[in-house]
Amino acid sequence: MRVGLVCPYTWDVPGGVQQHVRDLAEALIASGHHVSVITPADDDAPLPSYVVPAGRAVPVPYNGSVARLAFGFLSASRVRRWIRDGKFDVLHVHEPAAPSLGVLACWAADGPIVATFHASYEKSRAVTVAAPILQSAMEKITGRIAVSEAARTTLVEHLGGDAVLIPNGVATDRYAMAEPLPGWPGRSGRTDDTALTHLRGGGALGFLGRMDEPRKGLQVLLKAFEIIGRQRPELRLLLAGPGDADEMCAKVSPELRGRIVALGLVSDEDKVRAYHSVDVFVAPNLGGESFGIVLAEAMSAGAPILASDIEAFRRVLQDGRAGALFPVGDAAALAAAAGELLDDPARRKQLSAEARTAVRAYDWSTVARAVVRVYETVAVDRGAGVVESRPLG
Amino acid sequence: MMPDWLFDILLVAGVLFVVGMYISWRASRLDRLHARVDTARAALDAALVRRAAIALELAASRLLDPATSLLLAAAAHEARTADADGREFAESDLSRALRAVVEQPDFRDNVAQREDGANLLDELESAAQKVAFARRFYNDATATIRTARRKLLVRLLPLAGNATLPEFFEIDDDPPASSR
C-alpha cells in the first residue's frame, strides 16, 4: 500500500508522537509498504529518505505548554502538493486536533483518512472551543485509532465519536542487546550466557521511573532493600529516572546508602545498558499504569522481572509466566521474592526467555499489522485512493 | 443617491443569497456524511462476508474434528444467510462460535502444525479484527449523521433528500483471545 503519514510536531525534537510515527513508518517499510511522512522541519534538516519537510515549525503556546507547530499558507500549500504527488491509498494523520499539519491535511484531501489520537488530558476549554472549527476536518476521517483508553476517553469527551484501540508498540530490537554499564555485573544480554546463571559482585536489582512519583513505588523498593540489603552485604541497587533521588535515598539507613546508585535521567542508550546491568528488574508500581512501557522495555532486554501484581502488569507478564509477581505495596514480600530469584539462576534464566517471547506481542511489527488492517478496512475500494480536495470543498 | 426601495431589494437579495449559501453548505455536508456512512457500511459488509468465508474454509479444511467443523459451518452459514432482522444475532453467534472453537486448549498449536493451518489462523485473526474495526467505524459515522439529521434546519427542509437514516449495527464482535 502507499501510505502518507502526517506528523504534527517537529521531527528533530524528541517526543512520543514523533517516536510513534518513526517506529510505525519503519515497521511499515519493513513489511513492504511505500511510506512517505510529512512533518514540520527545516528544508536543510537531516531527515531520513522517507520524510518530506513542510517548513519550519514555530514555537507557540498550545494547550498549556509550548508546542512547535507548522501552520499558515506555506505549510498548507506544501501539504496540498504532497497529497497531490503522493497518490496515496490511505492518508494517516496523527493528532489531527492539533493546530498543525494534521488538520491541514484533512482539509486538503478526500478519500480514506485514518487518524490516530495520542494525547489524553482533563476536560480542556481550548479543545472544546475548537471543536466546531475542527468539525469539517474531523468528519472527513473514516477510521479513528486511540493509543490508550485514556486517549479514547479524551476524544469522546472533547470531539465526540469513537475510536478503535491500538496501543503503542515497543521497538524490541532496540533493547535486545547492550553492554552493561561500566562497573556493573550485567547479564551480558545473552540468555545462553553463564552471566545469567552466576551472580557477579553479589548481584544487582534495578528500577527505572520517576523517583519522586509515589505511584511508581520506589519507596516500596527502598523499604524492601532495607531488609534484603542487610541479608546480602554485596547486593547493589541501580536507580534510573528523573526526579530527586537524594531525597528518597535519605530515608534509607546510612550503612545501606553506599550500595544504591542513582543515575538520574539517562539517555536512551544508557537506559538500554541499565536494563542489561541488573540481575532482577523491579517494577514496584502501586497502580495507575495502563500498560507499563518500562516493563515492556525490560522484557525486550531479557531482564528477569519482579513486578507488583497490578492488573496491567499481570496481563503483560501472562499471569506470572514471563515475570514474577508480588502483592502490591508489600515491601516484605518484595524482599522475599527478590531473594528467591537471586538464589535461583534457573528460574531467572527461564523468566528471561519467557519475557523475550511474551513481549513480541507488543512489538512494533505486531502493532503495524493491526494498523494495516485498519488501512485495509477503510480503503476497501482499492484504486480509489486519496485525492486532492477542491480548494473550498 | 440610491432610492430606498432599491436598497431594500438589494438587502433582501443579499440576505437570501447568504442564507442560500448556508443551506447549500449544510446540504453538501449531509451529502458528504451520507457518502461516508455508505462507504463504512460497504466495508462492514465486506468484513463480515470475509469472516464467514474464512470460517467456512476452516470448517471444510479437514484440519478440525468433525464436531467442531459442523459447529463452525453451521454458524457461518447462519451468518451468511440471515435476513436484515436476524443478521446481528447471527453474526454475534458466529463470533461466539469462533471464540469457543479457537480458545479450546491447544487448538492453535494443533492447527498450526498442519499444512496451511498457520495461514488460515492468521487470516481468521485478521478477518475477526477487521470486523471489529469496520463496525466501530460504521457506528461512528452513523452517530455523526444521526446527530446532524436531528438539527432543526434539516428536519424543516428536505436537505437529506430520500436518504434513509442509517441504523447502528450492534453485535458481539470480540475476536478470539490471542494466544500471544
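Q: What distance separates the centres of domain 1 of chain A and domain 2 of chain A?
A: The centres, taken over C-alpha atoms, are 35 Å apart. Domain 1 covers 2–169 + 364–386 and domain 2 covers 173–361 of chain A; such bounds come from an automatic or database domain assignment. The model is predicted: local features need pLDDT of at least 70, side-chain atom pairs count only at pLDDT 80 or more, and totals for chains, interfaces and linings use all residues. Residues are numbered from 1 along each chain as its sequence is written, while chains are lettered from A and ligands numbered from 1 in the order in which they are written.

Q: Why is A:R347 called partly exposed?
A: A residue is buried if 20 or more other C-beta atoms, placed from the backbone, lie within 10 Å of its own, exposed if 12 or fewer, and partly exposed in between. A:R347 has 13 such atoms within 10 Å, and is therefore partly exposed. A:R347 belongs to helix α14 (residues 345–358) of chain A; helices (H or I, at least four residues) and strands (E, at least two) are DSSP runs, numbered from the N terminus. Between A:R347 and A:P304 the C-alpha to C-alpha distance is 8.7 Å, although they are 43 residues apart in sequence.

Q: What makes strand β12 of chain A largely enclosed by the rest of the structure?
A: Five of the five residues of β12 (residues 236–240) are buried, so the strand is largely enclosed. In a regular strand the side chains alternate between the two faces of the sheet. In β12(A), A:R236, A:L238 and A:A240 are buried on one side, and A:L237 and A:L239 are buried on the other.

Q: How do you know that β11 and β12 of chain A pair?
A: Two strands pair if DSSP finds at least two bridges between them. Strand β11 (residues 204–208) and β12(A) have five bridges, in the parallel sense, with A:G206 opposite A:L238. The β-α-β crossover from β11(A) through helix α7 (residues 218–231) to β12(A) is right-handed, a term that applies if, with the strands pointing away from the viewer, the path from the first strand over the helix to the second runs clockwise. β12(A) also pairs with β13(A), in parallel over three bridges; here A:L238 stands opposite A:V261.

Q: How many residues of chain A are in contact with chain B?
A: Contact requires C-beta atoms, placed from the backbone, within 7 Å; 16 residues of chain A are in contact with 23 residues of chain B. α15(A) gives the most to this side of chain A, with six residues.

Note on methods:
Two residues are in contact if their C-beta atoms, placed from the backbone, lie within 7 Å.
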